[in-house]
Amino acid sequence: MIKKIFRWLKKAMLWFLGLSILTVIIFKWVPIPITPLMITRAIENKIDGNDAVLSHDWVSLDQISPNLQKAVIASEDGNFLKHHGFDFAAMQKAFKNNQKGKRLKGGSTISQQTAKNVFLWQGRSYLRKGLEAYFTVLIELIWGKERIMEVYLNSIEMGNGVYGAQEAARVWYRTSAANLTKREAAGIAAILPNPRKYKASNSSSYIERRKDRIMRNMRHIGKIEY
């Protein structure tokens, strides 16, 4: 009986490895139509008695303003172009602040956020964190930084039911992702910690201060070279 269980587990593990690697390879080139987060949010809205809004329009990275690419790096992951998926210094800093009872955004890299949003469910558990690390390694190896940024900017939540740079630019600023100004890009990046609570335009004073800080940090990034 025990041998049968181990054989089954071994087969299940091999199937998981094979399918996960194949999926990552496919998504290196194929646009990702929907993510688990999009499905989860739509269900949550339905449960709350609201419309299951899901606005998503995939565009290639060359159709997304470098301003937005710089803004999310400045806001979410300052070492994105340098690390290999994990920023251990930021993780350690986040852990120390959590130990003190503080909350700090910044322990999770853009690569980790992309892996989580595209392949996994929301929530906190050791299993999910382990799978997040696994998929982070895979996309770093197979996709590379340019594709990770492209997928990230097309899949993350940028408002209530708003996903991706193109829809965010249209909803918040009535423009396209390609034409986002530095201030507009900073506005979208500023709300990423809680895009259903905050507004990128007609923002609160808190978000306006975040915009200012992100714009200052953007000046130190320079030209993005993947």
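Eight residues build a nonpolar surface patch of about 820 Å²: Trp15, Leu19, Ile21, Leu22, Ile25, Ile26, Trp29 and Val30. The model is predicted. Take Trp29 from this patch. Trp29 sits in the loop between α1 (2-26) and α2 (36-47). Its relative accessibility is 63%, so Trp29 counts as exposed.

His83 lies in the loop between α3 and α4 (88-99). Its relative accessible area is 8%. Buried means under 20%, so His83 is buried.

| Residue | Relative accessible area | State |
|---|---|---|
| Trp29 | 63% | exposed |
| His83 | 8% | buried |

What does His83 touch, leaving aside its neighbours within four places in sequence? The contacts are Asp77, Thr109, Ser111, Glu140 and Lys145.

Next comes helix α3, which spans residues 66-76. Nine of its 11 residues are buried, so α3 is largely enclosed by the rest of the structure. The buried residues are Asn67, Leu68, Gln69, Ala71, Val72, Ile73, Ala74, Ser75 and Glu76. They pack against α5 (110-119), α7, α8 (165-173), α9 (182-190) and α10 (205-218).

One of these partners is α7, residues 144-155. How do α3 and α7 pack? Their axes are 11 Å apart, at an angle of about 90°. Angles of 65 to 115 degrees count as roughly perpendicular, so α3 is roughly perpendicular to α7. On the α3 side, the contact is made by Leu68, Gln69, Val72, Ile73 and Glu76. On the α7 side, Met149, Tyr152 and Leu153 take part.

Notes. Residues numbered from 1 in each chain as written. Predicted model: local features only at pLDDT ≥ 70, side-chain atom pairs only at ≥ 80, totals over all residues. Heavy atoms only, no water. Patch = residues over 30% accessible without salt bridge, like charges linked within 9 Å, V, L, I, M, F, W, Y side chains within 5 Å. Areas by Shrake-Rupley, 256 points an atom, 1.4 Å probe, with all protein chains shown as cover. Salt bridge = Lys/Arg side-chain N within 4 Å of Asp/Glu carboxyl O. Helix = DSSP H or I, 4+ residues; strand = E, 2+ residues; numbered from the N terminus. Buried < 20%, exposed > 50% of the residue type's maximum accessible area, 1.4 Å probe, protein only. Axes fitted to C-alpha atoms, helices over the stretch in contact; angles between N-to-C directions. Parallel < 35°, antiparallel > 145°, perpendicular 65-115°, else oblique. Contact = heavy atoms within 4.5 Å.
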